[in-house]
Amino acid sequence: MNLRVPSIRHDDCDELAALCKAGGDPLRLNVLRALANDSFGVLELAQIFGIGQSGMSHHLKVLAQADLVATRREGNAIFYRRALPHTELLGGKLHAALLEEVDNLALPDDVQSRIEQVHGQRAAASQDFFARVAEKFRAQQDLIAGLPQYRDSVLALLDKLNFNGAATAIEVGPGDGAFLPELARRFHAVTALDNSPAMLELARQVCEREQLANVSLQLADALNGSSLQADCVVLNMVLHHFAAPADALRHMADLLQPGGSLLVTELCSHNQSWAREACGDLWLGFEQDDLARWATAAGLVPGESLYVGLRNGFQIQVRHFQRPAGDTHHR
């Protein structure tokens, strides 16, 4: 007699099982903890946790299959960062809860010490890198952190916020306008504010070339009483040019509608003082805690963050801050 084995659908269970498996190993939990405010390459993580590259690659593969880590390629190097939990999707609430629990853990002292060693190696690599390309760099600021190096991270945060079809956006200091097409695709109307006629002209050329009919350009100082407000304000690599960044965040908060979101992309604190002269930077990046403290003082609520490590030793932070929905008297 032939017994027929019932078929079982594993699709949803497989996803949850992968998530549980990924979180079921102490080393992988510590990797997630180490990625809370940083991103690392596989060799860096192997050094930090004192295991071979192949072993670390296996653990990262398990984490990636469970969508707990995401990757970004820079040249031949791949950097791992945390993936954002999507609580509306299968396993999303478990993902979020796992990260919340992990963040309550303390990394072992030897692991923390090796993280500091990696940061020191990055700083040395940065100094060496820019000693070799300093002359070229004066004409190409993008060698620090051009848009291609953080675009995907900004868009990951932006898309998770699920703005409705009527939502509006402001980009303060759009530079050459390279990010405006992304905003134009996601928002009903976009305004680019810049106090440099030369940069606005570059942005205008992008709008013309890409036929961005829903983007308007304004020659204006975002810190000087602009009456505009939008559902989303984007500040990409601009804050380090403001003389008083804490005050600048207060003005950014004023540009937000109640319930609106501010996305800030910035360099983490670094010690490359040549950037002041070569790039006009007033500040050498910012400590993560400082940005959160300034945003809170401006009446904003810190949200999720992503961190992007760069091969030249710099680190980028992509931060989300929200104006409370009930804050109708902010201005």
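**Cysteines, cores and ring pairs in the predicted model**

Cys207 is buried, its relative accessible area being 10%. Here, buried stands for a relative accessible area under 20%, exposed for over 50%, and partly exposed for values in between, computed with a 1.4 Å probe on protein chains only. The structure is a predicted model, in which local features need pLDDT of at least 70 and side-chain atom pairs count only at pLDDT 80 or more, while totals for chains, interfaces and linings use all residues. Residues are numbered from 1 along each chain as its sequence is written, and side-chain values use heavy atoms, with hydrogens and water left out. Cys20 has a relative accessible area of 48% and is partly exposed. A search of the whole structure for disulfides returned zero, a disulfide being a pair of cysteine sulfur atoms within 2.5 Å.

The protein has 13 helices and ten strands; these are DSSP runs numbered from the N terminus, with helices (H or I) of at least four residues and strands (E) of at least two. Of the 331 residues, 47% are buried. Contact is defined as heavy atoms within 4.5 Å. Among contacts between residues at least 6 apart in sequence, 69% join residues at least 24 apart.

In soluble globular proteins, nonpolar side chains tend to be buried together. A nonpolar core is taken as a set of buried Ala, Val, Leu, Ile, Met, Phe, Trp, Tyr and Cys residues joined through side-chain atoms within 4.5 Å. The largest nonpolar core has 32 residues, of which Leu180, Leu183, Phe187 and Ile316 touch the most other members. Two or more residues of this core are given by each of H8, H9, S5, helix H10 (197–210), strand S7 (230–236), strand S8 (256–267), strand S9 (301–309) and strand S10 (315–322). H8 supplies the largest share, four residues. Apart from this core lies another, of 28 residues, with Leu32, Val42, Phe49 and Val62 among them.

Ser153 counts as buried at 3% relative accessibility. Beyond its neighbours within four places in sequence, Ser153 is in contact with Arg81, Leu306, Val308 and Val318. Val154 is also found in helix H8, and is buried with a relative accessible area of 0%. With neighbours within four places in sequence set aside, the contacts of Val154 are Phe179, Asn236, Leu263, Thr265 and Val318. Val154 and Val318 are 164 residues apart along the chain, yet their C-alpha atoms are separated by 6.4 Å.

The structure holds two aromatic pairs. Rings of Phe, Tyr and Trp (its six-membered ring) pair if their centres lie within 6.5 Å; planes under 30 degrees apart count as stacked, over 60 as edge-to-face and the rest as tilted. The ring centres of Phe163 and Phe187 are 5.0 Å apart and the planes lie at 55°, so this pair is tilted. Phe163 belongs to the loop between helix H8 (151–160) and strand S4 (168–172), and Phe187 to the loop between helix H9 (180–186) and strand S5 (189–194); the pair therefore ties together parts that are 24 residues apart in sequence. Phe163 is partly exposed at 25% relative accessibility, whereas Phe187 is buried at 4%. The second pair is formed by Phe286 and Trp294, with ring centres 5.6 Å apart and planes at 80°, so it is edge-to-face. Both partners are buried: Phe286 at 4% relative accessibility and Trp294 at 17%. Leaving aside neighbours within four places in sequence, Phe187 is in contact with Leu158, Phe163, Ala167, Thr168, Ala169, Asn214 and Cys232.

Helix H4 (residues 53–65) has 13 residues, which at 1.5 Å a residue should span 18 Å; the end C-alpha atoms are 18 Å apart, in agreement. The expected span is 1.5 Å times one less than the number of residues. Buried residues in H4 are Met56, His59, Leu60, Val62 and Leu63. Seen down the axis of H4, these buried residues fall within an arc of 155°, so they line one face of the helix; the arc is that of the directions from the helix axis to the C-beta atoms. Ser54, Lys61 and Gln65 are exposed on the other side of H4. Asp67, which follows H4, has a positive phi, near 60°.

Positive phi also occurs at Gln211, near 55°, and at Met237, near 55°. Gln211 lies in the loop between H10 and strand S6 (215–219) and is exposed, at a relative accessible area of 70%. Met237 is placed in the loop between S7 and helix H11 (245–254) and counts as buried at 12% relative accessibility.
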